[in-house]
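Let's take a walk through a protein model together.

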Amino acid sequence: MKKFLLYILGVFFLTVLVAVILDGFYTYVFMQSRNRGKIETVFNSTAKKYDVVILGSSRANNHFVSKMFEDKGLKTFNYGMSGGHLFEASLMLKLMIERKYEIKNVILEADLNLSNDQESEGVAAKFLPYIHCSKVIKDHFSAEENFKELYYIPFYRYVKFDSKIGFREIYKVASKEKTNALDNLGYYPLGKHKNGNMKNNIVNLNPLPHNKYYEEIKEICKKNNINFIAVMTPMCENVVGMNYFDKVKKAYPEIYNYENSVIEDKYFSSCGHMTDEGARLFTGRIIKDFFQK
């Protein structure tokens, strides 16, 4: 019995040791990543200076044409993340501040994402390799239910989110395989699709009266003398429940409503995402309204 217990104990300690070694190795590899995605690029960067930083979900990523700002002499990058929520947008801005970025203006896409204050697991997971290397990442996740497992159990986060930060991603990082996430200064243009979903129903969607992460972004901008511009971006014509945007305006009167600045379906790839042509019309309007000298 004693030998059996010693054997079990030995297996346990060996498992822990292997987990610690693998955790350290994976983290080391991610610390070298600079060309695959927006999160690791910011984390592994030094201080940068921007006139305009764009944050939000895919409705930021697909709607703000960075080069149009650059053509006006405004150094710009679109840090919108497809599938992301305000949880990730707030953390991205915190990470930039931690990295001593100098930012003059933040444009935040704040509309549908105001309806929740939860993390988007698929996007949030990409911050997790750095949870032991950044106080702001650790603190940001500290209120999440699974924080203790993610932080204290070695290699757990890499196993749990294997599809995002597991072996396959490690291999691609190590082999320096690039993605298109950083192309076009972070902007991802969409084309017109025959089978694009041009109907949407947001009747049951309601903005939270106090979205924690929206308020965090606003406060970070105020504290760091960053001009904060929050906007609602367009949706296609066939949306049921468009009074959602009125609800947002009532709850957050400082948010500019540009929902109807581009309305024709020909400018949309799907109901919630404009084509490149629509995005250029929209971006032109934003530049005219906020940055025209």
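At what angle do helix 5 and helix 12 pack, and how far apart are their axes? The angle is about 25 degrees, and the axes lie 8 Å apart. Here axes are lines fitted to C-alpha atoms, for helices over the stretch in contact, and angles run from 0 to 180 degrees between N-to-C directions. Helix 5 and helix 12 are therefore roughly parallel to each other, a label for angles under 35 degrees. Their crossing is left-handed, meaning that the near helix is turned anticlockwise from the far one by less than a right angle.

A quick word on what you're looking at: this is a predicted model, where local features need pLDDT of at least 70, side-chain atom pairs count only at pLDDT 80 or more, and totals for chains, interfaces and linings use all residues. Residues are numbered from 1 along each chain as its sequence is written, and side-chain values use heavy atoms, with hydrogens and water left out. Helices (H or I, at least four residues) and strands (E, at least two) are DSSP runs, numbered from the N terminus.

Helix 5 (86-98) and helix 12 (212-223) each give two or more residues to the lining of the second largest pocket. That pocket holds about 150 Å³ of space, and its lining includes Lys94, Glu98, Glu219 and Lys223. A pocket is an open set of points on a 1 Å grid, where a 1.4 Å probe fits, with protein on both sides within 12 Å along at least five of seven lines; lining residues have an atom within 4 Å of a point. By class, this lining has three nonpolar, one polar and four charged residues.

The largest pocket has about 560 Å³ of space. Of its 25 lining residues, Arg36, Gly37, Lys38, Lys126 and Ala181 lie nearest its centre. Helix 2 gives the most to this lining, with three residues. Nine of the lining residues are nonpolar, ten polar and six charged.

Finally, hop over to two loops. Phenylalanine 155 sits between helix 8 (147-152) and helix 9 (156-160), and its phi is near 75 degrees, a positive value in a residue other than glycine. Is phenylalanine 155 buried or exposed? At 15% relative accessibility, phenylalanine 155 counts as buried (under 20% relative accessible area; exposed is over 50%, with a 1.4 Å probe and protein chains only). Lysine 176, in the loop between helix 11 (167-174) and strand 4 (200-201), also has a positive phi, near 60 degrees. Lysine 176 is exposed, with a relative accessible area of 62%.

Terms used: Points joined across faces, edges and corners; volume = space filled by probe spheres on them. Nonpolar A, V, L, I, M, F, W, Y, C, P; charged D, E, K, R; others polar. Parallel < 35°, antiparallel > 145°, perpendicular 65-115°, else oblique.
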